[in-house]
Amino acid sequence: MFVQDTLLNRLKRGCETMAYPKGAAPALPDRHGGALRVDAARCDAKCGACVTVCPTEAIARPAGKPVALDLGRCIFCAECVTVCPTKAITRTGDHRMAVRRREDLVLGDASKEQVRLAQALDEKLRRLFGRSLRLRQVSAAGCNACEADTNVLGTIGWDLGRFGIQFVASPRHADGLLITGPVSKNMELALKKTYAAVPDPKIVIAVGACAIAGGPFIGHPQHHNGTSALLPVDLYIPGCPPHPLTILDGLLRLLGRLDEPTGIR
Amino acid sequence: MMESSAILLTFTLWVYVAGMAGALLFQRAERLANAVGFGLAALGGACGVVFSVSSLAAGQGMTITPVTLWSGPIPGVRFVVEADALSCFFVLVVSLVGLAISVFSLGYVRTYYGRKNVGVMACVFNALLLVTTLVFIAGNLWMFLIAWELMALLAYGMVSFEHEDRETRQAGVLFFIMSHLDAACVLLGFLVLAQAAGGFSFASFRGIGASLSPQQRDVAFVLFVFGFGIKAGIVPLHIWLPVAHPVAPSNISALMSGVLIKTGIYGLVRVCFEFLGPPPMWWGASLLAVGTVSAVLGVLYALMEHDLKRLLAYHSIENIGIILMGLGASLMFLHTGHAVLASLALIAGLYHTINHATFKALLFLGAGAVLHATHTRNMEEMGGLAKRMRWTALFFLVGAVAISALPPLNGFVSEWLTYQSLLHGFGTTTSLVRLMFPLGGAMLALTGALAAACFVKAFGITFLAQPRSDHARDAHEASLPMLIGQGVLTAACVFLGLFPTVFLKLLDPITLQLTGHQLSQQLTMANGLVLSGVAAQGGTVSTLGIMLMFGCLLPVPLALWAVFARKARTRIAPTWDCGQRALTPHMEYTATGFSKPLRMIFKALFRPRREVQREYDFSPYFATTLRFESHMEEVFLTRIYRPVNYGLLRLSRRLRALQAGSLQAYLIYIFVTLVALLLFAL
């Protein structure tokens with residue numbers, strides 16, 4: 001019988017939920033180099049190889065200043081890492097990159113070599129959401145990569161429910177929105193209405209390069225260059241798409257559920 | 001007292017006659033005919049109410065002793081009327097509902113001005129009230145059968161009132177055929193009694209069952225159940241009801257569903273409790289079983305309807321089932337010798353009779369007002385009427401709450417009494433038959449829940465949300481007489497719900513007459529504020545208390561809101577509409593969609609079939625045209641009635657061989673018959 005087989009199979013396989021965050025975090029796959037790091041001191045002032053090679057114009061070179069890499073726009077193709085002759089841009093292999101403020105994603109200046117990780121919500125909101133957070137997911141013209149990786153968090157390996165975080169079917173049941181995609185003009189009204197339907201107080205989480213800054217669609221007339229154009233964003237989770245671990249880290253960080261110190265490392 | 005009652009009743013009948021005559025006289029002047037005809041009908045109804053309430057309150061067994069109305073030209077044929085407590089109760093039903101419907105009609109029939117002869121309608125309406133009253137007060141078989149047959153014929157006339165429609169004509173014919181089947185069964189049943197009694201007066205029928213053989217009694221019982229059952233609309237003899245009631249004008253539908261089908265109940269009570277004598281177990285058990293099946297199937301079919309009036313018609317079947325459950329349980333208790341419980345079950349059945357008459361007539365009048373305003377019976381084309389027809393919506397809501405047996409209205413009271421009698425039933429006998437009581441109770445509970453679901457649908461789809469058609473958008477509130485008519489019945493529903501202990505006193509003479517007990521004292525506790533379930537372990541309930549509790553609890557959320565919610569910041573945002581550009585009627589729940597889960601659960605019964613045809617150019621997801629059809633098999637029609645029908649036709653085709661058209665053959669028939677008769681005479 002199907003039901004019996006399923007139950008037996010489940011019993012045999014035992015608990016498959018990962019030990020993280022109490023235990024060690026699972027390793028990122030080989031192709032995923034994790035967050036990037038920019039050591040401006042090493043940067044050759046005359047070189048501009050990374051600026052031209054970046055497909056999403058995430059790297060800028062203001063005159064007289066060191067290179068500035070916007071991790072919010074980055075799609076983690078690592079072309080810049082390859083072309084940089086002085087190894088000023090490197091991969092850290094670190095999955096943690098969620099931030100609370102947009103400017104915390106810009107790397108390059110002195111003491112801003114890496115992202116400045118997200119602070120937890122204030123005490124009042126943490127009391128409200130800390131142990132139970134209900135999110136409504138809005139795919140505002142997303143390509144389904146970020147959605148898929150968010151979806152992974154619901155599987156038994158990750159089991160988002162154990163943190164009291166859950167995705168719900170109606171914004172009227174939700175404490176906040178998790179938005180993916182560059183926010184197309186067609187989705188503008190729906191997104192605004194969904195936001196209005198969430199009861200106060202509420203939070204907004206932008207997941208993926210598109211939702212943060214428009215990603216590869218930046219500047220397109222039919223898109224809004226991400227969520228910030230319409231709504232106040234409380235948490236940015238960069239990636240294209242972000243690894244589930246990155247998203248989970250961001251959510252837990254926001255709720256103050258990670259023990260390690262936050263901020264600049 | 002008796003004198004004044006007789007005068008009042010005579011006056012009532014003459015008012016109806018005057019209404020008939022007046023309406024016919026002024027038929028050229030529609031407004032006058034309307035005012036005279038329905039005005040006099042209302043007056044007659046009011047007199048009937050006064051007559052029956054005063055007689056019942058006086059508590060006499062026999063209010064009017066048999067009086068010969070008219071001795072016909074044929075020797076032995078006399079028309080006798082009499083009125084005992086049972087008659088008075090049913091006269092109350094017809095008069096109360098008749099009064100409300102007459103007032104409603106004053107406004108409603110304006111829709112027929114210039115199209116139909118309103119005078120004739122008012123005349124037939126008065127005649128219907130007259131003959132229905134005569135059915136209830138008939139004192140002998142002649143009077144009863146003539147009134148019974150006239151009632152069927154007049155009702156046929158009213159069903160076919162809008163005979164321009166093919167559907168209406170067919171419904172009329174079906175009603176006609178079924179009415180005559182039932183008249184035939186009733187006639188045969190009474191002939192069995194008359195043979196034993198040697199007379200035709202009802203007085204001579206009383207207790208005649210004792211002098212019949214058990215087989216004769218059983219045959220008579222079965223004939224009566226068939227005859228009166230067709231009239232009452234029990235499953236599977238119900239097929240005419242959902243066809244005929246909706247096509248009649250709404251005021252007539254209300255009269256038919258509210259009162260005319262109760263003549264079947266009246267007949268069953270009269271015959272089973274008075275004429276046929278002590279009942280064997282299987283009579284009560286079969287009535288209980290038939291009642292249970294009718295109740296459940298009636299409400300299940302009602303759920304599938306999206307024609308508002310057909311839906312109400314199916315609910316009549318359900319409620320007749322509930323009434324029969326009370327009567328059946330009562331007969332079973334009579335057999336086992338529990339006279340008090342028998343009285344309780346009988347009271348439950350009769351109470352539900354008048355309750356159903358009030359709330360069903362109310363709902364039909366509401367449906368009439370909606371039909372009048374939107375010109376459609378299809379619920380899928382309604383919606384949003386609550387804003388356009390505030391009072392009608394309110395009255396319909398009260399009727400819906402009442403029929404769903406929700407406290408504190410009248411449907412709850414009578415179903416609660418039925419539960420009480422059924423729950424007590426388990427201990428009255430040791431045979432396996434006792435299992436029927438809890439089973440019946442469970443089915444009654446299921447029926448109540450399904451009825452509530454059905455009226456959530458009926459009220460929600462009809463009155464709430466946005467209008468689904470231009471008709472509904474342009475709907476207007478009903479005229480004042482129509483609202484008053486509905487208001488009268490609404491008030492009756494509320495009164496019967498909140499003050500059952502007052503009304504139960506009126507039923508005392510009936511139970512005294514039929515079962516020898518008066519229960520209103522035992523059923524009443526705490527100065528009439530609480531209704532009790534007779535036996536010590538029985539339950540108690542107080543609808544008044546429930547109402548008061550509602551009243552007392554209402555300030556609690558208000559106070560909580562005042563204390564807490566007003567402090568919070570209020571933000572006004574649009575209703576959540578899934579992010580669509582705007583809400584349109586296309587997004588609304590449809591009646592068909594609402595009932596789909598139940599259609600799937602009971603698909604063995606409904607046998608739903610659906611067909612989807614999709615035409616597309618390149619991908620099935622982008623269809624250019626889409627055609628959706630859904631059907632349900634009418635099981636009773638296809639599995640029972642149609643085979644019988646075909647069988648009859650085949651048989652008649654065989655018999656046609658006899659009718660060869662040749663003179664010689666006919667002469668031979670005559671000769672053979674003659675010889676056979678002569679031989680027989682020898």
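Analyst: Let us begin with a term: a salt bridge is a side-chain nitrogen of Lys or Arg within 4 Å of a carboxyl oxygen of Asp or Glu. Between chain A and chain B the count is two salt bridges. Please keep in mind that this is a predicted model, in which local features need pLDDT of at least 70 and side-chain atom pairs count only at pLDDT 80 or more, while totals for chains, interfaces and linings use all residues. Residues are numbered from 1 along each chain as its sequence is written, chains are lettered from A and ligands numbered from 1 in the order in which they are written, and side-chain values use heavy atoms, with hydrogens and water left out.

User: What makes the meeting of A:Asp200 and B:Arg571 a salt bridge?

Analyst: The side chains of A:Asp200 and B:Arg571 meet with a distance of 2.9 Å from N to O, and because the definition asks for an Arg or Lys nitrogen within 4 Å of an Asp or Glu carboxyl oxygen, the pair qualifies.

User: How many residues does each chain bring to the contact, and how much area is buried between them?

Analyst: Chain A brings 13 residues and chain B nine residues, where contact means heavy atoms within 4.5 Å. The area buried between the two chains is about 840 Å², with carbon and sulfur atoms giving 53% of it; buried area is the accessible area (1.4 Å probe) that two parts lose on being put together, summed over both. Of the area that chain A buries against chain B, A:Leu189, A:Lys193 and A:Asp200 supply 50%, more than any other three residues.

User: Why is A:Lys193 called buried?

Analyst: A:Lys193 has a relative accessible area of 16%, and buried means under 20%, with exposed over 50% and partly exposed in between (1.4 Å probe, protein chains only), so the word applies. A:Lys193 sits in helix H6 (residues 185-197) of chain A, where helices (H or I, at least four residues) and strands (E, at least two) are DSSP runs numbered from the N terminus. Not counting residues up to four places away in sequence, A:Lys193 touches B:Trp576, B:Asp577, B:Gly579, B:Gln580, B:Arg581 and B:Ala582.

User: Why is B:Gln486 called buried as well?

Analyst: B:Gln486 has a relative accessible area of 0%, so B:Gln486 is buried. B:Gln486 lies in helix H20 (residues 480-498) of chain B, and, leaving aside neighbours within four places in sequence, its contacts include B:Phe104, B:Leu362 and B:Phe395.

User: What makes the link between B:Arg468 and B:Glu588 a polar contact?

Analyst: The side chains of B:Arg468 and B:Glu588 are joined at 3.0 Å, and a polar contact is a pair of N or O atoms within 3.5 Å (within protein, one must be able to donate a hydrogen and the other to accept it, and residues adjacent in sequence count only if both atoms are side-chain atoms). A polar atom of the B:Arg468 side chain also lies 2.9 Å from the backbone oxygen of B:Ile461. B:Arg468 is found in the loop between helix H18 (436-463) and helix H19 (470-473) of chain B.

User: Why is H4(B) described as largely enclosed by the rest of the structure?

Analyst: Of the 20 residues of H4(B), 19 are buried, so the helix is largely enclosed by the rest of the structure. Helix H4 of chain B covers residues 118-137 and reaches 29 Å from its first C-alpha to its last, close to the 28 Å expected at 1.5 Å a residue, the expected span being 1.5 Å times one less than the number of residues.
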